[in-house]
Amino acid sequence: ALLAAAGAAAWLAVTGGVAAAGRLSFGTRPPTMPVLVLAAWTVALWLGLGPVGKRLAAGLPLAVLVGVQGFRLPLELLMHWAYTEGVMPGQMSYEGLNWDILTGASALVVAALLAARRMPLWGVRLWNLAGAALLLNVIAIALLSAPGLRFFDTPNVWITFFPFVWLPAVMVVTAIAGHIIIFRRLRTEAQR
């Protein structure tokens, strides 16, 4: 636990510090923001597929693993506020093309049903697939909003600033790793 806390604190400090120092950009050579995003995805896969994910999948109740994804509800509400304040591009909000708020809201319901033993495993599997698909959707929107691609009129550069850098560096990492860990737990449950 101490090692995990130290690793998380270091990741938060490094990513937040780099953003606060103005070192993240899409326009530098090499572009530093895509490097950070690639590093974040690597961390997410390492957490979800590695020994940490295995221990979490085996050691935590499925209701807790699902309930953690509820953090996406207040996150999406904050992102919508960022859009209304002109900080974030509209396509990244639920008024645009990002419907990940459904994952956050439904995670709380599915977790409660699991805790009450009223949710079948096939329902959790379906929910996890839908949540992963909504996450992939918003990741695709974010990528297509990168300044170099300019698929959308308003570029997605707000994530290069502190504290918004923690959206791809922490929140997306948590969501990706969380879905992988839930799939691992469901596979274990199916084998039983």
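Contact means heavy atoms within 4.5 Å. Among contacts in the chain between residues at least 6 apart in sequence, 74% join residues at least 24 apart. The model is predicted: local features need pLDDT of at least 70, side-chain atom pairs count only at pLDDT 80 or more, and totals for chains, interfaces and linings use all residues. Residues are numbered from 1 along each chain as its sequence is written, and side-chain values use heavy atoms, with hydrogens and water left out.

The chain holds eight helices and zero strands. These are DSSP runs numbered from the N terminus (helices: H or I, at least four residues; strands: E, at least two).

Of the 192 residues, 40% count as buried (under 20% relative accessible area, 1.4 Å probe, protein chains only). A nonpolar core is a set of buried Ala, Val, Leu, Ile, Met, Phe, Trp, Tyr and Cys residues joined through side-chain atoms within 4.5 Å. The largest has 28 residues; Met33, Met79, Trp158 and Ile176 touch the most other members. Helices H2 (32-49), H5 (72-84), H7 (121-144) and H8 (166-191) each give two or more residues to this core. H8 supplies the largest share, eight residues. Another core, of 14 residues, lies apart from it and includes Ala107, Val110, Trp127 and Ile182.

Technical notes: Buried < 20%, exposed > 50% of the residue type's maximum accessible area, 1.4 Å probe, protein only.
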